[in-house]
Amino acid sequence: MKMTRYLIASVCLISFLFTQCKDKEEEQKDDFKKEAILSNLADNYIVPSYDDLQTHLNSLSNSWNDFIATPSQTNLDVVRMEWKASNLSFHRIKTIEVGPAMTVGLNGALGTFPADTLQIETNVTAGTYNLASLDNIDAIGFESLDFLFFGTDCLNKLTNSANRKAYVTAVITKMQNEVNQVVAGWVSYRATFIAGTGTSSTSPFSLLVNAFCKDFELAKTAKIGIPIGTQSLGIQQPLYLEARRSGFGKELLIANMESIHRLFLGKSNSGANGSGFDDYLIALEKSDLSATIDNRFNTIETQPTTWSGTIENMMASSPTTLTDYYNYMQGTVVYMKTDMASAFGVLITYQDNDGD
Amino acid sequence: MTAISHRISNYCFRGVSPTPLVAFRLIFGALMLFGILRFMLKGWVNELYIEPDFHFTYLGFSWVQPLVGSWMYLPFILMVIASLGIILGMRYRLSAILFFVCFTYVELLDKANYLNHYYFVSLVSFIMCWLPAHVDFSVDARLHPTIRRETIPAWTVLIIQLQLGIVYFFAGIAKLNSDWLFHAQPLKTWLQAYRDLPLVGNLFATSWLAFAFSWFGCIYDLTIPFFLSFRKTRSIAYFFVIVFHIVTWLLFPIGVFPWVMIFSTLIFFPASFHTLWIQWLKKICRWKEITLFQTRKSIGKKIVLWGFGIYLTIQVVVPLRYTLYPGNLFWTEEGFRFSWRVMLMHKEGYATFYVVDRTTNNSIQIENATYLTPVQIDQMATQPDMILQFAHHLENVFNDTLISNGEQSVHLKNPAIQAEVFVSLNGRPHQLYIRRTIDLTNETYTLKHRTWLEQFKESNDF
């Protein structure tokens with residue numbers, strides 16, 4: 001009994017001493033809330049970005065209807081422009097595969113590449129298809145449109161085939177439906193998201209951190225790694241390039257990296273810098289780590305702008321530049337997944353765990 | 001010397017009431033029944049044992065393999081039956097042995113699922129096989145009244161108390177390190193994640209709370225077996241047991257473990273305490289007491305004492321085996337498991353594997369997710385033995401394969417397997433764990449110290 005009392009007393013005393021040592025700055029750090037990140041991202045980044053994607057897809061749909069009415073190179077050029085704009089818009093939000101986007105499976109539906117052109121042609125010839133079926137996952141989304149809008153002799157094929165036109169319409173309508181669902185879903189999900197500061201692996205904050213790392217790794221592997229041959233003994237795989245026919249893959253990569261960077265900083269699309277992972281790291285007294293990741297993202301998003309031509313051009317002209325770039329991305333994952341995620345205390349396992 | 005051994009012998013074999021042991025049988029059986037059903041209902045049988053293509057077996061136990069497909073549910077169903085048998089005391093010995101065998105079999109399948117509390121359950125169910133926990137208030141005793149006893153030798157209760165004491169005490173010793181005591185890590189990292197809680201959130205963000213928890217946890221673990229053993233301190237100690245485990249249950253995803261400990265530690269209470277609720281249960285079940293006139297003499301005192309001694313020695317030596325290895329234990333994890341290092345460190349790793357064609361030095365970078373589940377990837381990335389096992393698995397997968405890419409094709413023979421691994425320990429900046437220049441196919445999985453692991457560089461930047 002005596003011992004216990006003594007124990008309690010000393011714990012209280014130690015606690016008291018620690019509270020006394022705390023200064024103002026430290027108190028501010030302790031006051032940092034994850035909710036600040038979530039509400040900032042929801043209101044200034046996620047919801048506006050989905051709205052933007054919705055608008056762009058509507059424009060794409062309108063331009064496509066114009067093309068159907070009057071097929072011409074000029075109208076196809078407008079369609080292509082709208083496709084680029086919507087694909088960029090998609091790349092500004094695809095990292096957040098959390099909540100409604102996860103339920104809908106938005107990234108798989110819109111962003112799977114490379115396209116299975118044989119499957120697309122089969123569908124077009126048949127005239128009937130279920131685009132929601134798993135067999136067609138490589139025959140839908142932006143990548144299928146890259147083939148249909150930019151493929152060889154596409155103007156001619158699109159003008160003369162009613163089936164082809166119907167297929168494009170079906171693909172675009174499916175994308176619109178899915179984005180509409182996500183936009184609608186966020187109206188109610190917003191509250192769940194903002195309150196999701198818990199520590200379980202399924203809490204929105206954990207999902208967000210995991211989605212952030214996952215999307216970066218996916219870009220590293222799929223947009224650069226596989227095409228340059230990291231998984232095939234160095235033998236290049238240009239067939240696996242994203243948006244190969246339009247040659248737009250580099251721009252998509254840049255948009256993807258910029259958006260991941262903005263997400264890290266908590267920046268809105270208009271550029272206002274709110275609460276982000278960087279602020280949380282600073283509150284955890286890890287400003288060095290925050291600066292390192294920030295700098296690395298800067299390099300990663302600006303380097304491709306110096307590349308001449310498309311990624312495919314670079315694979316021929318300067319493969320080592322791409323290998324170095326890939327390795328730099330690989331080195332960045334360590335800071336994100338190992339240092340940052342562990343500092344946040346985010347869990348990846350949902351099973352019982354005794355911490356070892 | 002003989003006097004001491006005589007006293008020990010007398011102490012171990014003096015007759016005590018079987019009620020605490022019978023109570024423990026009921027408690028343990030019920031907890032296991034709950035735990036196994038929970039495990040099945042969460043879908044973990046499928047996720048952890050049926051779905052994975054590859055399992056990380058223990059050294060010397062690679063012959064322990066999962067059953068095919070849905071047959072994997074069989075040991076779990078047997079465990080349900082066995083725990084019912086334990087609770088009811090029906091075919092008690094058989095039930096206890098069946099439970100121990102099935103449980104241990106499942107645990108040996110994959111070390112990615114290793115948990116200290118699973119090891120604890122394996123040990124306790126092993127002990128239970130030897131104990132006369134069915135000599136009262138059991139179906140066996142009802143059907144065969146001759147097995148009834150009014151007293152049982154004291155060692156049968158003592159062994160469970162000692163086992164629990166060892167768990168706590170070694171968990172406490174493990175906490176005596178500078179990360180835990182002077183940096184409040186990993187608790188600082190884990191507790192600050194609760195910073196958004198209403199009212200108390202700010203408290204969790206402070207480091208002093210982490211320090212208070214760390215020190216309290218350490219002192220608790222080191223002293224609780226003793227406080228539970230003394231009559232005067234027992235009640236207040238048990239109050240702390242409840243508070244401690246409920247707090248950990250609220251804060252961390254540790255499943256049924258807190259409840260296992262809260263209820264198991266009741267074994268420290270005397271027969272008079274357990275009689276209260278066992279009598280009540282007996283009344284409900286209309287249990288008929290029979291007056292027994294004699295207690296059969298226990299045989300094989302020497303064998304029991306030797307068994308007792310050997311078991312306890314193993315229990316003390318195994319957690320200390322890490323002292324035979326050089327280097328930082330948390331970093332190398334040589335001698336880490338089976339040592340009651342519970343909630344002790346926060347390790348995060350990133351492991352990238354390469355299958356290398358020796359003739360051209362070209363490589364295939366591996367997507368770990370193609371071969372492993374998220375849990376396996378997470379566990380493997382920070383544990384050298386698992387990294388090595390996965391490397392050897394990749395060697396098997398890729399040896400003598402034809403890698404075709406369009407017109408080009410390469411016949412891979414005896415590829416080298418390299419890994420580049422980075423690990424962050426207790427919130428420190430990541431460090432290189434394994435260098436890519438090492439060919440892991442040259443390394444064998446043994447108990448020897450692993451020289452291919454990078455040395456840990458102490459850093460106070462955390």
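Reader: Which residues have the most contacts inside the largest nonpolar core?

Author: In this predicted model, the residues with the most contacts inside that core are A:M340, B:F99, B:L191, B:F353, B:I387, B:A391 and B:V421. The core has 197 residues. Its largest share, 13 residues, comes from helix α3 (residues 34-69) of chain A.

Reader: Why does the core lie between the two domains of chain B?

Author: Both domain 1 (2-323) and domain 2 (346-442) of chain B give residues to the core, so it lies between them. As a general idea, nonpolar side chains in soluble globular proteins tend to be buried together.

Reader: What is B:A391 in contact with, leaving aside its neighbours within four places in sequence?

Author: With those neighbours set aside, the contacts of B:A391 are B:F353, B:I417, B:A419, B:L440 and B:T441. B:A391 and B:F353 are also both listed among the core residues with the most contacts.

Reader: How many residues of domain 1 of chain B are in contact with domain 2 of chain B?

Author: There are 11 on the domain 1 side, in contact with 13 residues of domain 2. The domain 1 side consists of five nonpolar, two polar and four charged residues. Between the centres of the two domains, taken over C-alpha atoms, the separation is 38 Å.

Reader: Now the chain interface. How many residues of chain B are in contact with chain A?

Author: Chain B contributes 52 residues, which are in contact with 45 residues of chain A. On the chain B side, helix α12 (residues 207-229) supplies the largest share, five residues. By class, that side has 28 nonpolar, 18 polar and six charged residues.

Reader: What ipTM and pTM does the predictor give the complex?

Author: The ipTM is 0.91 and the pTM is 0.92. For chain B, the mean pLDDT is 94, with 98% of its residues at 70 or more.

Reader: Which residues of α4(B) are buried, and what do the buried residues pack against?

Author: The buried residues are B:P75, B:M79, B:A82, B:S83, B:G85, B:I86 and B:I87. Their packing partners are α2 (19-41) and α5 (92-109) of chain B. Just after the helix, B:G89 takes a positive phi of about 70°.

Reader: Back to chain A. Is A:A211 buried or exposed?

Author: Burial is judged by counting neighbours, and 20 or more other C-beta atoms within 10 Å make a residue buried. A:A211 has 20 such atoms, so A:A211 is buried. A:A211 is found in helix α11 (residues 204-228) of chain A.

Reader: Which residues are in contact with A:A211, leaving aside its neighbours within four places in sequence?

Author: They are A:T95, A:I96, A:E97 and A:V98. A:I96 is 115 residues from A:A211 along the chain, yet their C-alpha atoms are separated by 6.2 Å.

Reader: How many helices and strands does chain A have?

Author: Chain A has 16 helices and zero strands. Of its 356 residues, 46% count as buried. Among contacts in chain A with a separation of 6 or more, 75% are between residues 24 or more positions apart.

Conventions. Residues numbered from 1 in each chain as written. Chains lettered and ligands numbered in written order. Predicted model: local features only at pLDDT ≥ 70, side-chain atom pairs only at ≥ 80, totals over all residues. Contact = placed C-beta atoms within 7 Å. Helix = DSSP H or I, 4+ residues; strand = E, 2+ residues; numbered from the N terminus. Nonpolar A, V, L, I, M, F, W, Y, C, P; charged D, E, K, R; others polar. pLDDT = per-residue confidence, 0-100. Domains from an automatic or database assignment. Core = buried A, V, L, I, M, F, W, Y, C linked by C-beta atoms within 7 Å. Buried ≥ 20, exposed ≤ 12 C-beta atoms within 10 Å, placed from the backbone.
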